[in-house]
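Reader: Hey, could you walk me through this one? I'd like the overall layout and then some side-chain details.
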Amino acid sequence: MAEAVGIDGDRPMSRPRRQIHMNEIPADIVQGSVLLQLAFAYLSVTKKMEQKTKCSQTRGLILSTLRGGAMLNQNQIATLLGYDRTVVHRSIKTMIREGLLGEKKAVSGRALLVHLTAKGSAYRESQIKERRAADEKLRKKFKPTEISTLLRLLPEIASLEF
């Protein structure tokens, strides 16, 4: 399995900006804000998973985009993910150096198509295994009715217009 060495592209994942912790925000603001508590929960889970797996969210999404033998160019991947092209290009460049991804020239045009290597597929499978283990831990912590309620409410929250 390839180690991500804590980087997303060529920059360390932990350096772009300082992580803000809930205890740094006045309690009355945190206590009264459902959205703030939801955001902190998401950020906390994301950070813990990145630390455990040494795989950033960007890298994980790139791996998922290329599953099943898909071959796409870097701009297609960025568009599908809704990410800035520079971020995706940097991550892909690093993943190619690590042997997780390969490139092939497109049949027509001058585009280079990116694909998972055998090493990349194995790495992706290890990431899926870690996510499933974390998911199982969550399912053991909460009652099925609580999980069902959460899963029902999350899309409702995501679809709210502000």
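Author: Here is a short tour, from the overall layout down to single contacts. This is a predicted model, where local features need pLDDT of at least 70, side-chain atom pairs count only at pLDDT 80 or more, and totals for chains, interfaces and linings use all residues. Residues are numbered from 1 along each chain as its sequence is written, and side-chain values use heavy atoms, with hydrogens and water left out.

Reader: Switching to charges: how many salt bridges turn up in the whole structure?
Author: Four, each being a side-chain nitrogen of Lys or Arg within 4 Å of a carboxyl oxygen of Asp or Glu. One of them joins Glu130 and Lys52, with the closest N and O atoms 3.8 Å apart. Glu130 is in helix α6 and Lys52 in helix α2, so this pair ties together parts 78 residues apart in sequence.

Reader: Is Lys52 buried or exposed?
Author: Exposed, at 57% relative accessibility, while Glu130 is partly exposed at 27%.

Reader: What about Glu98 and Arg59, how do their side chains meet?
Author: In a salt bridge, at 2.7 Å from N to O. That pair links distant parts of the chain, with Glu98 in the loop between α5 and β3 and Arg59 in helix α3, 39 residues apart. Both Glu98 and Arg59 are buried.

Reader: Where do Asp135 and Arg139 lie?
Author: Both are in helix α6, four residues apart, about one turn of the helix.

Reader: Last topic, backbone. What's the phi of Lys54?
Author: Near 60°, a positive value in a residue other than glycine. Lys54 sits in the loop between α2 and α3, and at 37% relative accessibility Lys54 counts as partly exposed.

How values were computed: Helices (H or I, at least four residues) and strands (E, at least two) are DSSP runs, numbered from the N terminus. Buried means under 20% relative accessible area, exposed over 50%, partly exposed in between (1.4 Å probe, protein chains only).
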